[in-house]
Amino acid sequence: MKFESKRTNDKAELQLTSMIDVIFLLLIFFVMTFKIAAQEGDFSVKMPIGGSGGNPDSTDLPIKLRLRSNADGELTDIIVNDSLSFGNDWTKLRGYILEMTGGNATPTPDAGPEVEIDLDYNLRYENVIRAITAVTGQRQGDEIKRLVERIKFAPPRKQ
Amino acid sequence: MKFRKRFDSKMAEGDMTAMIDMVFQLIIFFMVLINFSQDDQNDKIKLPSSELARPPDAPLTFPIVLHLDSNSVIYMGANIVTVDSITPLLKTEIQLLSSRSQLPKDANIIIRAHQNTPGGVVQDLIKKCQDLGFEKFALRVREEQS
């Protein structure tokens, strides 16, 4: 008895067109919604009401940082401890902090020197962050050398 | 004159394998990097930059994100308020915290303020939060490109 082969010689083919359509739609969706965001980080400030964060400052480095601004919110003067003026030079401020802390302090969030920032109401926030950057650390290559961890704000000065 | 047909009757087909491989690679790449979370993003806010900015090692506990734009308007979730009118929203957060047996001092207020916002407004916002018992604040900045 002879059986005939039911299969033909034609190669079985998958229909890829619709899959490729969907794949390209997905690709376009992801490309359009993709957003390159810059890395973000935080400066932590612990400020309970009516006092400073953590333990009292046990070091002899009470640093009061006064930031003055003009009417446009631009920084005009950096004054430390009501006596030293650095103009608007953040490098000098950092140098002073390095000198005061010895540059080898190992501050922790609950101990070490504390800096109180007292700013004019109009001062642009960007300058506040620059001040915090100048007092909290210094970048050395890929490493960050910590100087001061504890920061607090003086009560706001009303306009 | 008779022309001979150069092609046979079979349809010419390109090899799709390599292209499909590549397209799948691209899709996987974008899928992994896509971020659907809108909580910590706001196009109206241009953060100040700092060379010391580093992403936190661990996510902050009970984060409450406040976006403060240059006109001193605060975006908190879907709500748009001012510093003077943020108290009810923060009280709602406190209720949420207490339902999880947490106190306001356990929460982290993440302040994403525009670089041109007056610093005094940020201070006012911190003061409002302090009045309700919040103690921990994180001033968010973007990493400075060196």
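## Burial and model basis

Buried residues, meaning those with 20 or more other C-beta atoms (placed from the backbone) within 10 Å of their own, make up 26% of the 159 residues in chain A. This is a predicted model, in which local features need pLDDT of at least 70 and side-chain atom pairs count only at pLDDT 80 or more, while totals for chains, interfaces and linings use all residues. Residues are numbered from 1 along each chain as its sequence is written, and chains are lettered from A and ligands numbered from 1 in the order in which they are written.

## Fold of chain A

Chain A has three helices and eight strands, taken as DSSP runs (H or I, at least four residues, for helices; E, at least two, for strands) numbered from the N terminus, and their order along the sequence is α-β-β-β-β-α-β-α-β-β-β.

Five of the strands form an open sheet with mixed pairing in the order β4-β3-β2-β5-β8 of chain A, where pairing requires at least two DSSP bridges between two strands. Its edge strands, β4 (84-85) and β8 (150-153) of chain A, each pair on one side only. Strand β3 (residues 75-80) of chain A pairs with β4(A) in the antiparallel sense over two bridges, and Ile79(A) stands opposite Ser85(A) in β4(A).

## Interface with chain B

Counting contacts as C-beta atoms, placed from the backbone, within 7 Å, 41 residues of chain B are in contact with 38 residues of chain A. The largest share of the side of chain B that touches chain A, nine residues, comes from α3(B).

Strand β1 (residues 40-46) of chain A and β6(B) pair in the antiparallel sense over seven bridges, with Lys136(B) in β6(B) as the bridge partner of Lys46(A).

Methods:
Buried ≥ 20, exposed ≤ 12 C-beta atoms within 10 Å, placed from the backbone. Contact = placed C-beta atoms within 7 Å.
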